[in-house]
Amino acid sequence: MIRLSSNWTLFLKIFLPVFWLSFFGGFALASFVSDEIEVPYFTSFSFQWKIILFIVSGIIFFGFTFFRLKRVDGDDSHIYISNYFKTYRYEIEAIKEIVIYDHLVLKATHLYFNGKSSLGRKVIFLPYMINLKEYCDANNIILRDYKREH
């Protein structure tokens, strides 16, 4: 079995959101329990609403970006997709194509299925490019680069 997704997936999906929420959640909690006389701005109602809005917007950001990432592995006949809690196994024939999107900092890869799967019609992951290209070539999977076509 070879890894098709980047090691950054675990960091971006699990560790970064947990540490971010722990830090800013603790910061928000401190603003609610601190003494108003010692730190007046930190305990003000407007600051507390701003920090709560910041935390909620961060959670929404993580929900639409990093929480959608999956870990992808493959072998000769199957592809394994994991959300780090459950792993799904699909036949290689179930894959329609894989499209690479080049963003400013990261490359995101969309794996499209021929039909609907347990994870929907597409899965998003960060590619480990060397292994992904070799795997697609060896298994006759269509690998497209969106940037080069448009």
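Predicted model: local features only at pLDDT ≥ 70, side-chain atom pairs only at ≥ 80, totals over all residues.
The next point concerns the surroundings of H2. Phe47, Gln48, Ile51, Ile55, Gly58 and Phe62 of this helix are buried. Viewed down the axis of H2, these buried residues fall within an arc of 105°, so they line one face of the helix. What do the buried residues of H2 pack against? Their partner is helix H1, residues 8-33. The other side of H2 looks outward in the sense of accessibility, as Phe45, Trp49, Lys50, Leu53 and Phe64 are exposed there.

Attention now turns to the strands. Four of them form an open sheet in the order E7-E6-E5-E8, with mixed pairing. The edge strands are E7 and E8 (143-145), each of which pairs on one side only. On average, neighbouring strands of this sheet are turned by 20° against each other, direction ignored. The sheet also has a helix packed on it: H3 (residues 129-139) touches E5, E6, E7 and E8, and its direction makes about 150° with that of E5.

A walk along the sheet can begin with E5 (residues 95-102) and E6 (residues 107-117), which run antiparallel and are joined by seven bridges. The two strands form a hairpin, with four residues between them. Individual pairs can be picked out by eye in the structure. Isoleucine 95 stands opposite phenylalanine 113 in E6, and isoleucine 98 has leucine 111 of E6 as its bridge partner. When following such a strand, it is handy to remember that in a regular strand the side chains alternate between the two faces of the sheet.

Where does the chain lead from E6 through a second hairpin? This hairpin joins E6 to E7 through two residues. E6 and E7 (residues 120-125) pair in the antiparallel sense over five bridges. Here serine 117 stands opposite glycine 120 in E7.

Technical notes
Residues numbered from 1 in each chain as written. Heavy atoms only, no water. Buried < 20%, exposed > 50% of the residue type's maximum accessible area, 1.4 Å probe, protein only. Arc of directions from axis to C-beta. Contact = heavy atoms within 4.5 Å. Pairing = 2+ DSSP bridges. Axes fitted to C-alpha atoms, helices over the stretch in contact; angles between N-to-C directions.
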